[in-house]
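The sequence and structure come first.

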Amino acid sequence: MKMIKNSKETIVNEPSLLAHIHHDTNKYNIDNITRTSAYEKIYFRHPEIKWAFLASMVSRNAGWNMTDLEGNWFRKALNSEKRNLLFMTYERANWTIFQDAYPQLLIYEYSKRYKKPLFYLLTHFSVSKFMVEEWEYFWEHQSMERLMTSLIINEQNVIQQPVIKQKIYKQHVFHSAPYKLQDLFHFSTVIFPTLQGKLYGFSVYNFQNLTNRIDLGKRLGWLLFHAGLYQQFEAFAKTVPHTGSRYDYEKYFPEKRRRETPLLRMAYPIVSHTLDGKRKDWFHGQNIKKWFKEKKIPQNYEVTDWFKHKQDQLHLLTLLQEYWRNG
C-alpha cells in the first residue's frame, strides 16, 4: 500500500481509505431499505452521478416486489417455498449490484474530495476494467449520460452469471410457471410514483436477456431525467421514506386504498450473503457498442390505470385459484 498526495499535497492514507469503503459498503448493504437510502444520499450529494438516483428508484421497486410476496394476495397464490425463492432472487441480485457499485460511488466521492482520480483503487473491489476506464473518462470529460449508461451496462453484466444464470435461480425461478406469467409477477415492470398519485414506468419482456435489461435501464434513465417529470420524481423521493410496502405510493391514489403489503423489515429478516470466491471480471475486451446505442422510447409511459388493472387481475386470478383448490 502507498500514501497518495493530491495537488495541494494533502496526504491520502490509502489503507485507511480502502478500509472505510469496505466498512461503509458492508454497513449499507444490509437490506433493501439501507441500499435504497445509500444510493439516494450519494445522488443528492453528487447529482452529476445520475445512475445513483436511478438505482435508488429501481431499488424501491425491488422492495415493493419483495413485500408483494408477503402481502394478502401472493400468500394465497404461492406456497412459502416459492415465495422465499423469489424473495432471494431479488435480494441476491440487489445485494450483488450494491456490493459492486457502492465502492465505485465512494471512490468517486473521495476523488472529488482529494481533487485527484483514485479509480485505480477499484481493482481492490473486483470492479470491472470496463468501469475503471469509464470512471477515468468521466473524470476527464464529465459526460453524465455516458456514465449512467456505462453503470447500467455494468450492473446487468455483474448479475448475469451469479444470479440470472445461477443454477438454482435459473431452474426454479426463471424457468418456473409463476415467472413466465410476467404480468402476474412484477419482475418485468419498473414504476416511478409521484405525490399526485400518478405512476410512470416501462416493462421488459424476457427478463433473462441481458440486452433487454440494459435497454430497460436506459429507458428508465430517460424517463427519470428527460421526460419532463424529474421534479415530481425528486419530490416523491425526498418526501416518502422507503418502507418496502407499495402503500408508500398507493396512499397517494385519489381513491382510498388500505395497506395490503407489509413493511419490508416486518416481513423479512436480515440475509447474510457470502461471495463464491473472487468475483470474475465480466469484461474481456468484447465489442459493447450495441449497448451504447440510443433506443426508441415508447410514447406511453404513464401506467397508472394499467397498473391498477393489473393488480385487479392478480386479485381475481388468486381468488379463482383459491376457489378451484378448495372446491
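**Cavities and backbone of a predicted model**

V58, N94, E155, Q156 and F207 lie nearest the centre of the largest cavity, which has 30 lining residues. A cavity here is a set of points, on a 1 Å grid over the protein atoms alone, where a 1.4 Å probe fits but cannot get out, and lining residues have an atom within 4 Å of a point. This is a predicted model, in which local features need pLDDT of at least 70 and side-chain atom pairs count only at pLDDT 80 or more, while totals for chains, interfaces and linings use all residues. Residues are numbered from 1 along each chain as its sequence is written, and side-chain values use heavy atoms, with hydrogens and water left out.

**Largest cavity**

- Its volume is about 540 Å³, a volume being the space filled by probe spheres set on the points, with grid points joined across faces, edges and corners.
- At least two lining residues come from each of α3 (50-68), α5, α7, β3 (189-193) and α10 (210-226); helices (H or I, at least four residues) and strands (E, at least two) are DSSP runs numbered from the N terminus.
- α3 gives the largest share of this lining, 8 residues.
- The lining of the largest cavity holds 19 nonpolar, 9 polar and 2 charged residues. Ala, Val, Leu, Ile, Met, Phe, Trp, Tyr, Cys and Pro count as nonpolar, Asp, Glu, Lys and Arg as charged, and the others, Gly among them, as polar.

**Second largest cavity**

- The second largest cavity has a volume of about 120 Å³.
- It is lined by 13 residues, with D68, W73, T261, Q311 and H315 closest to its centre.
- Helix α15 (residues 304-326) supplies 3 residues, the largest share of this lining.
- This lining has 3 nonpolar, 6 polar and 4 charged residues.
- In total, 4 cavities of 30 Å³ or more are counted.

**Overall make-up**

- The protein has 15 helices and 4 strands.
- Of its 327 residues, 55% are buried (under 20% relative accessible area; exposed is over 50%, partly exposed in between; 1.4 Å probe, protein chains only).
- Among contacts (heavy atoms within 4.5 Å) with a separation of 6 or more, 72% join residues 24 or more positions apart.

**Positive phi**

- Most residues other than glycine have a negative phi.
- K115, not a glycine, has a positive phi of about 55°, and is in the loop between α5 (80-114) and α6 (129-141).
- Q142 also has a positive phi, near 55°, and lies in the loop between α6 and α7 (144-164).
- Q142 is partly exposed, at 40% relative accessible area.

How values were computed:
1 Å grid on protein atoms, 1.4 Å probe; cavity = no way out; pocket = protein on both sides within 12 Å on 5 of 7 lines; lining within 4 Å.
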